[in-house]
Structure formats: structure tokens, C-alpha cells
Amino acid sequence: MPANNNTILKMESITKHFPGVKALDDVSIELKKGEILGLLGENGAGKSTLIKILSGAYSLEEGSIYIDSQKFDFKHPHESLEAGIRVIYQELTSFEPLTVAENIFAGETIRGKLGLISWRKLGRMAKEILNRLGSNIRPFELMENLNVAGKQMVEIAKAIHGEVKVLVMDEPTSALDEKDVAALYKVIRKLRDEGVAIIYITHRMEEIFDITDRVVVLRDGKKVGDKKIKDTTKSELVSMIVGKKLSEQYPKMDIEKGKVIFEVKDLSYLNKVKDVSFYLKEGEIVAFFGLLGAGTHNLFSVLFGDKKATSGDIFIEGKKINITHPNIAKAAGMGYVPLDRKEEGVALVMDIKENITSSNIENLGRSFVLDRKIERKHSQKWFDKLNIKAPGLDTITNSLSGGNQQKVVVAKWLERDSKILLMNEPTRGIDVGSKAEIYRIAEDLCEKGVGVLMVSSELPEIMAIADRVYVMKDGRISGEFNVKDTSQEELMHMASA
Amino acid sequence: MQDKLKEKKGFKITDTIILLGILIILFAFFSIADRQFIAYNNISTMLKNMVLTGVLALGLTPLMIARGLDISFGSSISMISVIMALMYSNAGINLWLVLLTGVVIAAIIGFINGILIETFDLIPIILTLGMMAILQALALVIANTYANTYSILMLTDQLYYFSTRTFLKIPYPLLVLIALIVVYWFILNKTKVGRTIYLIGANPTVAKLSGVKIKKVMVLLYTFMGLATGIGAVLIVSLTGVGMAYHGAKLPLPTLSAVLLGGISLMGGAGSVWGTVIGVLIVTVIFNGLSVLNVPSYYIQLFQGLALIIIVAAYEIRNKRAQAS
């Protein structure tokens, strides 16, 4: 890389206040052309505020922004787009019924010679961009036919056409499996080689060390670290993020296991889940690991009654239960922390106490009248126990961070005193601090004899807290391991072989 | 804390104040425009008009909060009023049995709506649109077949007394409405069922994964809407003395306007009984005020349509502003 002034982005002394809180305090970052900068920090540390100021979604309060040495003060996100700033958010948004090409060029009309829309030109331009990314997605493929990795590729294509100077990617791998992550890295490196500067936000440590050149850590609105990746360690970064040492993060307790509490025999669901059999003991955390399409998510939907099994049996404490609806699973003592907390876990427009009690409405008082005192008492208990960070029980869940929203979902099932807790990617897109708290909650439950089933695509997480792991591939269970007797490599191999 | 309370269930407390303000302004406007507006006679006419729209709007409230919708109630009232009038006047059947039958048939129609929508995952507006057409046609067919006319007298002493007598100066029909308001308010705000209804409206997926049997609840809500429709049919024959195949034709517009004005979102999750009540009051005042000013009835419909568009647009603009901030 040339040594002369290659700085493409400079954010100087950025300070930003919101009612009651200082979101950013004198934060300065610099980015060179072709540099990949990792941006780390817990939820609430200020990362997304910083990015929103860069993208023009929030106004500059104090400080300055220089792009390619030119000063900018964005009044509208459109201006930042024109200045070469592109942001890809964690939640992918696409127009499902339309095609890939239409999504890439959404908002623009590609005209041909007669001034009418030229589909041929649209397809050609879309193909160019997709090729540039090394993707073989067809330009006129329907968005709804793509998997998550494909949709993300289209999102990237959309972001990079036109002149892009700085590309911000927020948790790009949270919904991808290892194979797609490798493909994504390839694309990112390609863009870097073209001179695009990239800001990469993630909570996954391994990725930071895989892909970034430099890393900036924010904590409580301040910059607490700015280091080249080769000059630092995971331990040091985590300390900077959280202020605690790594060994305190995932303490694994030795819990005595009880009898078999949940057993599944030959469970099948269409062609997505095939003859799955497994068991769970009291006090165990059993993980399910699989690549995209392996069937793990569908399995959990079936177990909780959201989808109906086509064949097979489920036994709870030895008794066969026909789970055809979530309310049967719930009555049998099961709980479910779903994959998508915003769409399936919490009712965003309702407040914390309403959400925590949403699975237990029938027990809020003895008669048909809803006893609000009981509602408050119960939800306050979990609010305190789970350390939910919010102004109060009446806070609308929409304003909570991901980690706290997830805690509300877990609280829902603690409120029901669930004996079998299903968790589907429970720590996806959640900061380090909340992650550790959720692990602690899971282990507390195990101590009380609860059994936990967990779908996870983060191998380090599985190795750290699970007792046993089932690997799934193509809808079937391809292997069962004691976590103590296996390795990440072996699990990965089983999932992809 | 106040901010959070204000944002509850998509119906901000400031909304109520704004709506009340609009109501007061409208009332003042019409009172000044024509003294007849606040005459005792007119007030009691207004109250009578309000009762019908009110009962139907109340029935729609929990249904729409839970993301349901029924536009067939107008035609249902038409058909049932015809059936009741024929049963009483032509067949001489006992009045109470006639009224009971009417209400039961209405509830059954609501039940059918619910079952069809939930079993086949139909879009509510489309199914009830079809039902509306069918019931309207049936109303005319039945009336023509058994009475060769579309309007059948149903004059009874009991219903006459009911519609004209008052208790502490409040007309009986209005008492019925007030009772229903109390019941619906209680159910939606104070009971477990009410909380479940709001949960379904807020996010049906979350509700299902919390163990709520959504389909069951929805069928119940459609049936209760049918019940409200039945009560509406009884009220209309009491107030008018006839069963007519076009009785309910003009009901959907003011009823839906009232409900939407009151803050019920077509997307569900939002709304309250108070909002609906104020919405009904506003719609009734507009309708009645314009009548008193001798505005021809087709113009009134024009204003009602305009009011609906303006209201819904205002809510949408406000929602967009809230999202952007």
C-alpha cells in the first residue's frame, strides 16, 4: 500500500448527546483506502451511533467528518450515499417478490434507447456487479428463492455500485454459516484490493482476527482502543470491550446430570428433518450444530409445535406427547427462545412487563380478570434477576438493545418455570456482556435440573458451554459427541463432509 | 416514564385529547351554525343514531385490534331485519322468539365468517366482502319472495316503548350502548382475554409461540361481531319499526370511519374502546350536524368519505414522522 496520504475517512472528535445520555464522547477514527477496520464494542457502546452519524441518519453535533480530505456535514442520508459512504445493516431488507437485478438497482430506472426501462441493460449491469463480487447468482433470480447468504450478496451488490469509498458492514456474518463466511471474506478482500475502505462491525472475535487490519474499540461512548490487529490479542480486546478478563467470561460449571427428561424418536418433517432421534437429561445443555439447510431451525420449530411433524414421536419424562401446537409444548413444560427475536420473540410495540408475562397470561390472577399487581411483581422479579438494562418495566421493548430484548424472551419462559428450554441461536448479534449473562442464566437453569437444547452456529460457544452436541447435515443427525471429547474441527468436518 | 405511557399500544394519550378537541370544535361549530342542533329533539335523534354505529363499532374494536376485519355487518343487518319483520308480522311468531332468532342467526353468520377465514387462511376483507354481497342479495330475495317488497313493517308496542322510553332522561337504547361500552372496556383492559387480543394484534407470531391458540380466539371474535350485529338489527327495527333490505347498506362507511378515527389501525395491535367511542361521537356529530344544516344526503356521504381519507392520512403521516425520529 502506498505510504503517502491515503486517508479516505477521518471522523474527528465526534460527540453526540441524546436525551439523558452521552452516546459518543470525543471519538476520533481514521481510515485509509483499502483498509479493513474492525469496530468493536458492547451494545450501547456507541458503534451504531457513530455509523449513523457517518451515514447521515443522525446529525453532527460536535466534531467533523472528512471524506477524501473534503469536509462534510450531512443533512440527509442521501448526501452521504453520494459522498461514497455505504452501510449494510444487520437486518437485511429486500423486496421479496422482485428479482435480484431490481433489488440491486432499487430506486433507479435503467433506461434503454427509447427512454423505456431496459431489462436487458438492467440484467447486464447487475451481472457485471455480481461478477465483480465473484458471485454466480443469476440477475433475474427471485429474491425469495435466495437463502440468507444470497440475499446478503445482493445487499452488498446494491451497496457497491456507483462510487463507493467507505463500506460499513454491520454484523455481516450473524446469519451465515462457515462456508458462506469464507465466501464473504473473499468478496471483502476483493473490494479491499480495489481500494474500498471497509468498517467491519462484529461481536465474533475469530472474525476480527481473520479479516481486519486494525481494530477500534468503543466503550460507553469513548474510544478505549485503537490497535493494529497483529499487535493485540483476543484477551486484550475483550478486556477493552468489557473491562473484564476473558477467563471470567465463560465459566463452565460442573453440574450433575439427572434422568432423561426429553426424548425424540425418528422425527421427520417433510424433507427438511429426517428420522431425527436424540435425548436430553436434566441439567444438560445439548447443542445442535449444522450448516445452513442442515435442518436445525426446522427441527426446533417442529419440537415446539410451530410446525407439525410428519412422523416420529416425542417423549417428555417418558410420556408420549403429540405436539401439534405451541400451546401443547408450553403446557408440557417446554419453552422456546426463537431464532428472530424481533419478529418471533418479543412483541415490539408492547412493554417489558407485557412481554415477560405473555406466555403466562392465564396465571396472572385466579379469575378471568388480569391482576396487574401480579403482573408487575412477577416481571419485576425477572427484570432484576436477569439484570435487564432499561428505565423500567413500562419501557417499550422496541427501544431495548438486542441483548436486553433476548433477556426478556428468556424471562418469558423462566416465568413459566419451563423444564425444557429450547434456544435457537440465543446469542446471535448480541454483545459480549449480554452473551455471558445468557450463558450464566442457562447454567443456573441446569443447576435447578432444567434441560437446555440449543441451536448454535458458533463453535466456540458450543465448546464453551454445551455438554453434548448433535451435528446435523441434510436434515439428519450425522454425529453425536461429548463436547469434552471432540474439537471444533471435528464438528465442522461432520457438518460439512 | 410519561413518554413510555404515551406510546402505549400505538394510541398516545395526546391522541385522545386531540380527538376530544376536534369533537368539541365540531360540536361548537354546528351549534353556532344552527341553533336547532342543540335542541332537545335533535340531541335525542343524535343519540339514537349514535347507538347503532356505536354498537357495531364496539363489536369491530376487539376484532380489528386482533387484525381481523368484517365489512359484512351492514348486509347482515339488512337481511336479519327482513327475516325478523317477516317472522313477526307475516308469520305472527312471538316477539321475543323473533328477536332471539335474529340475534342467533347474526352470531352464526359471524361464526361462519370466522371459520372460513381461519380454516382457509383467507384475507378477511375479501371473505367478508363476498359475504356482504351474498347477504345483501339474500335480504332482497327473501323480502321479495315472502312479501313482494323490500320493506316490511314490524310495529310492536314493546319495541316502541323501548325506543322511546327513557331512564333518568337517557333513552333505553343509549343505556344499551353504555352497558356495552362498559363491558367491552372491561374485557379489553381488565381481563386476560383482552390482553391476549392485544398480544395477537401486536404480533401474531409471538402470540402463537407464547402458546396462544390464535385461530380459536379469532373465530370467537368474529362470532361476537356477529352478536353485535344481531343487537344492531334488533336496535334498528326498534328505532325504525321496519325490516328493510337496505337498512344496513349505508352503515359500513360511518362505522369504519368511526373505528379508524378512534385510532384502530388496519394493521392491528392498536386501538382502545375510548378511541372508538370518541370516533363514533365525531362521526355522529358530523352526520347529524350536516343534516340539521339541511345538507342533502349525498353531500353528507361526500363529507363522510372525505373525513375518512383525511383521518387515515393524518394517522399515517404521524406514524411516519414517529418512525423517522
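**Entry 1: a covered helix in chain B**

I started with helix H12 of chain B, residues 252–261, and found it mostly covered, with eight of its 10 residues buried. I call a residue buried if 20 or more other C-beta atoms, placed from the backbone, lie within 10 Å of its own. Helices here are DSSP runs of H or I with at least four residues, strands are runs of E with at least two, and both are numbered from the N terminus. The buried residues of H12(B) are Pro254(B), Thr255(B), Leu256(B), Ser257(B), Ala258(B), Val259(B), Leu260(B) and Leu261(B). After H12(B) comes Gly263(B), and I noted its positive phi, near 105°.

A note to myself on provenance: this is a predicted model, where local features need pLDDT of at least 70 and side-chain atom pairs count only at pLDDT 80 or more, while totals for chains, interfaces and linings use all residues. Residues are numbered from 1 along each chain as its sequence is written, and chains are lettered from A and ligands numbered from 1 in the order in which they are written.

**Entry 2: a helix pair in chain B**

Next I looked at H5(B), residues 95–120, and H6(B), residues 124–147, which pack at an angle of about 140° with their axes 10 Å apart. Axes are lines fitted to C-alpha atoms over the stretch in contact, and angles run from 0 to 180 degrees between N-to-C directions. H5(B) and H6(B) are therefore oblique to each other; under 35 degrees would be roughly parallel, over 145 roughly antiparallel and 65 to 115 roughly perpendicular, with the rest oblique.

Which residues meet? Asn113(B), Leu116(B) and Ile117(B) in H5(B) meet Pro124(B), Leu127(B), Thr128(B) and Met131(B) in H6(B). Contact requires C-beta atoms, placed from the backbone, within 7 Å. I sorted this contact by class and got five nonpolar, two polar and no charged residues. Nonpolar covers Ala, Val, Leu, Ile, Met, Phe, Trp, Tyr, Cys and Pro; charged covers Asp, Glu, Lys and Arg; the others, Gly among them, are polar.

Chain A has 17 helices and 20 strands. Of its 497 residues, 46% count as buried. Its C-alpha trace spans about 70 × 50 × 50 Å along the principal axes.

I then turned to the contact, which takes 27 residues from chain A and 23 residues from chain B. On the chain A side, helix H10 (326–331) and helix H11 (341–345) each supply at least two residues. By class, that side has 13 nonpolar, seven polar and seven charged residues.

Conventions. Two residues are in contact if their C-beta atoms, placed from the backbone, lie within 7 Å. A residue is buried if 20 or more other C-beta atoms lie within 10 Å of its own, exposed if 12 or fewer, and partly exposed in between; C-beta atoms are placed from the backbone.
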